[in-house]
Amino acid sequence: MLKIRNYTVLPALPESLRDLDTVARNMFWSWNPEFVELFKRIDTNLWATSGHNPVKLLGSVSQERLDALAQNHGFLSELRRVCDKLKAYLDAPTWFDQICPSSTKSPIAYFSAEFGIHECLPIYAGGLGILAGDQLKNASDLGVPIVGIGLMYQKGYFRQYLNVDGWQQEVYVENDFYNMPVKLVRSEEGNPLTISVDYPGRTVHAQIWCASVGRAKLYLLDVNLPANSPTDRMITTTVYGGDSEMRIRQEIMLGIGGFRALAALGIQPTICHMNEGHTAFMVLERIRQMMNSAGATFDQALEATRAGNVFTMHTPVRAGVDEFPTELMDKYFADYLPMLGIGREKLLGFGRILPEDEGESFKMPILAMRLSGHINGVSELHGRVSRELWSCLWRRIPIAEVPITSITNGVHMKTWLSEEMTSLYERYFGLNWLEEDADSNAWENVSQIPDEELWRSHQRCRERLVAFTRNRLKAQMQRRGTYHSELNHAEEVLDPEALTIGFARRFAAYKRANLLLKDPERFAKILTNPDRPVQIIFAGKAHPKDTEGKEIIRQIIHFASQFDVRRRIVFLEDYDISVAKVLVQGVDVWLSNPRRPWEASGTSGMKAAVNGALNISTLDGWWCEGYRPEGGWVIGAGETYSDHDYQDIIESQTIYNVLENEVVPLFYTRSPDNLPRAWIHRMKNSVGWIAPRFNARRMVAQYAQNCYIPAQQKWEYLSGENMAKAKALSQWKSNIKTAWDELQIKDVQVHLGNGEAATELDMKNPQLKVGSKLKVSALVKLGLLGPEDVSVELYHGPLDARGNIDDGSVAAMDYQGSAGTDGEHWFSGLTPCQASGRRGVAVRVLPRHPDLVDPHEMGLILWEVSVDSRQ
């Protein structure tokens with residue numbers, strides 16, 4: 001093997017241009033158009049060929065050009081202006097400063113398998129990464145002290161192209177980290193800072209790259225080092241690459257290695273936020289490090305760390321969860337278990353629905369849920385679906401009380417807004433409108449924007465989309481080897497004045513990109529109407545192993561050829577952030593038709609909406625909250641079908657009807673001045689409703705107020721004073737688990753009324769008047785536990801057809817005193833009769849302790865059962 005000595009060559013920037021490197025290496029430029037314009041002024045063509053990468057641009061531009069810019073007073077003036085803006089941004093007081101005193105501001109570690117900040121840092125695959133990128137950007141804007149943790153993929157996700165048959169092909173391109181807006185983290189001695197993680201029979205080392213995202217830092221682990229074997233160097237090669245064994249290697253490095261990287265960097269987070277289950281091994285390493293630093297047992301460290309863990313799930317179906325067979329867990333964690341001080345069965349139980357089931361695989365979301373104090377879905381519907389899906393982890397607990405909440409996703413407005421719409425909002429909302437985007441009152445001014453200005457701004461975006469699409473299609477055709485005579489077709493596709501629909505997302509079967517093709521003749525007729533033409537732009541990638549998704553792409557390409565609608569349908573290859581921006585900014589309609597309830601949230605429709613596009617979607621994900629009849633359209637009424645073929649027929653017909661009878665006529669109905677006034681009115685309604693509610697500023701603020709701040713307070717409380725509270729809570733839980741099976745509800749007495757006037761209720765004919773009250777007394781055998789260890793409650797509400805309480809409410813029962821024998825105690829409570837109908841009431845017992853994060857976290861509950869049930 002050749003011995004190669006490596007070195008790095010840096011741009012030789014003249015002294016007056018030194019700040020260019022600083023500006024280029026903070027990705028604040030990615031959501032500030034004036035910064036991008038500065039880079040374009042250096043060399044417009046190089047900016048395009050560098051992939052919109054300012055670091056690569058500075059390394060590629062000629063020295064002569066740099067010397068000329070160093071003497072250009074206009075350029076230097078603009079450079080000073082953007083530098084001043086960056087400095088002012090970094091130094092300014094923030095929203096988080098106002099709600100959280102500096103004395104309690106501690107780092108929040110945000111773990112994610114992918115981050116989509118900008119197309120020049122291609123370490124993302126799709127929506128999960130884009131969301132993580134928007135989370136970091138808005139955390140920076142709000143001053144929330146988030147630190148991102150991820151992997152630095154040598155080849156990122158694949159680049160997509162189609163062959164002549166329309167079949168997706170994949171190619172992987174090496175990332176040149178040294179020409180990206182990242183820096184290698186070095187020790188005080190100047191050497192790369194590294195961490196190590198033990199794998200079976202060897203140790204794998206990783207170096208750490210850092211990207212600055214405004215005020216936030218993103219740290220990325222890279223194992224492509226000579227010290228590692230060729231196989232191990234592939235761990236950080238591709239996003240979601242390889243088989244199950246490669247995935248477990250990746251996720252061990254992300255979770256365990258990521259937390260060790262924080263320690264090596266001197267960062268001690270109080271909160272660790274896991275963005276999906278890929279990151280869940282982090283919880284184990286966090287426990288291990290606390291055991292070592294505090295001299296705690298596994299269970300004691302678990303109590304403290306659980307309080308500071310937040311888990312956001314994105315999977316609405318159990319079949320899509322990240323999981324590993326027991327054999328792989330045994331192989332990769334056999335040597336790690338002694339460091340945790342627990343047995344194999346206990347570790348595997350953390351990742352199973354049934355902890356003792358040896359045949360069950362280890363599920364990463366279950367590990368994250370069992371060891372997190374805060375769990376949330378990413379839309380209201382997804383929260384409900386997740387509570388039903390994972391209610392098996394909290395057996396006998398009403399689904400509504402399963403401790404999974406929801407924080408609906410949002411988008412980073414400044415990243416996704418067109419310059420035209422940004423300028424328009426500034427004129428009518430004020431220069432600081434972005435700082436008020438969580439305040440719906442600011443968005444009421446959208447109605448004050450003149451129709452002419454809104455429509456003119458939107459038309460310019462559509463024109464840019466058409467020009468972009470033509471250029472990209474021409475490049476696609478040239479790459480495919482199309483004859484020169486046919487390239488003129490690219491110049492003729494799409495009409496800048498026609499109704500334009502966008503459909504761009506991952507090509508998975510449940511997203512149904514081919515739903516419009518169910519009746520191809522009818523769809524072709526809609527597209528080719530000479531008086532009211534419609535055109536649609538598709539974009540998106542299928543996973544390399546998803547043959548069904550690839551087939552859907554091929555169907556679209558074949559449809560365009562067979563029905564001679566190639567001027568009206570375009571498929572843009574290699575969908576990424578740059579393509580997404582042009583699409584969401586230029587389309588008139590954003591179409592989304594996932595199979596309910598498989599879309600956890602979705603955010604592309606939000607991005608289109610804030611740019612003035614109208615949404616057509618099934619009632620799934622975020623659209624259940626985003627839909628208003630005056631601002632968009634729905635496909636169906638939220639039905640679910642067991643027969644998917646029948647569902648597709650019904651819902652495709654619905655889309656055709658909506659297009660033919662509502663969307664197309666509304667778009668082409670013009671006033672005497674050729675403005676679609678009714679359409680513009682609907683645009684304003686959509687923007688006014690969606691923009692203030694579905695932005696990442698609101699989302700991050702919710703995470704801060706609902707999760708981060710309460711979790712930090714609980715963490716500090718439990719981990720303080722040498723973990724005295726955590727140790728006491730751990731011991732208390734141990735006592736509760738030991739004694740729980742001895743608890744019994746011995747007797748329940750129901751009376752009508754309260755106090756001395758109460759009379760026993762005739763349970764053979766229990767009829768009450770609205771306004772009356774039930775007094776319920778329960779005799780509970782607590783055994784070794786005391787009354788302070790339990791919460792005895794009434795669970796009451798209307799009964800369903802099966803005699804079960806539906807949508808019940810809880811009323812606490814008060815302790816009345818000891819029954820005098822065998823650890824038995826009386827409790828009583830009242831339930832008002834506020835509505836007529838068939839009602840029910842039941843008695844239940846839960847563990848109670850002031851230091852529990854959630855009353856259901858132990859999964860223990862005792863209900864009164866009938867005699868028949870006990871036999």
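**Aromatic pairs and helix packing**

Tutor: Across the whole structure, a search finds 41 aromatic pairs. The model is a predicted one, and two of the pairs are described here.

F281 lies in the loop between strand 9 (271-275) and helix 10 (282-294), and F362 lies in strand 12 (residues 362-363). The two are 81 residues apart, so the pair links distant parts of the chain. Both F281 and F362 are buried.

Another stacked pair is made by F523 and F559, at 5.4 Å centre to centre and 20 degrees between the planes. Here F523 belongs to helix 22 (residues 520-527) and F559 to helix 23 (residues 547-562). F523 is buried, as is F559.

Returning to F281 and F362, these residues are part of one aromatic cluster that also takes in F324, F333 and Y336.

Now the helices. Helix 2 (residues 33-42) packs with helix 6 (residues 73-91) at an angle of about 150 degrees, and their axes are 10 Å apart. Angles over 145 degrees count as roughly antiparallel, and helix 2 and helix 6 are therefore roughly antiparallel to each other. Their crossing is left-handed. On the helix 2 side, the residues that meet helix 6 are E34, F35, L38, R41 and I42. Helix 6 answers with G74, F75, E78, L79, R81, V82, K85 and L86. Sorted by class, this contact of helix 2 with helix 6 has 7 nonpolar, 1 polar and 5 charged residues.

The axes of helix 11 (residues 298-307) and helix 29 (residues 696-739) come within 8 Å and cross at roughly 150 degrees. Helix 11 and helix 29 are therefore roughly antiparallel to each other. The crossing of helix 11 and helix 29 is right-handed. Helix 11 contributes D299, Q300, A301, E303, A304, T305, R306 and A307 to the contact. From helix 29 come A711, K714, W715, L718, S719, M723, A726, K727, L729, S730 and K733. The residues of this contact of helix 11 with helix 29 divide into 9 nonpolar, 4 polar and 6 charged.

Definitions and conventions: Residues are numbered from 1 along each chain as its sequence is written. This is a predicted model: local features need pLDDT of at least 70, side-chain atom pairs count only at pLDDT 80 or more; totals for chains, interfaces and linings use all residues. Side-chain values use heavy atoms; hydrogens and water are left out. Axes are lines fitted to C-alpha atoms, for helices over the stretch in contact, and angles run from 0 to 180 degrees between N-to-C directions. Helices (H or I, at least four residues) and strands (E, at least two) are DSSP runs, numbered from the N terminus. Angles under 35 degrees count as roughly parallel, over 145 as roughly antiparallel, 65 to 115 as roughly perpendicular and the rest as oblique. A crossing is left-handed if the near helix is turned anticlockwise from the far one by less than a right angle, and right-handed if clockwise. Contact means heavy atoms within 4.5 Å. Ala, Val, Leu, Ile, Met, Phe, Trp, Tyr, Cys and Pro count as nonpolar, Asp, Glu, Lys and Arg as charged, and the others, Gly among them, as polar. Rings of Phe, Tyr and Trp (its six-membered ring) pair if their centres lie within 6.5 Å; planes under 30 degrees apart count as stacked, over 60 as edge-to-face and the rest as tilted. Buried means under 20% relative accessible area, exposed over 50%, partly exposed in between (1.4 Å probe, protein chains only).
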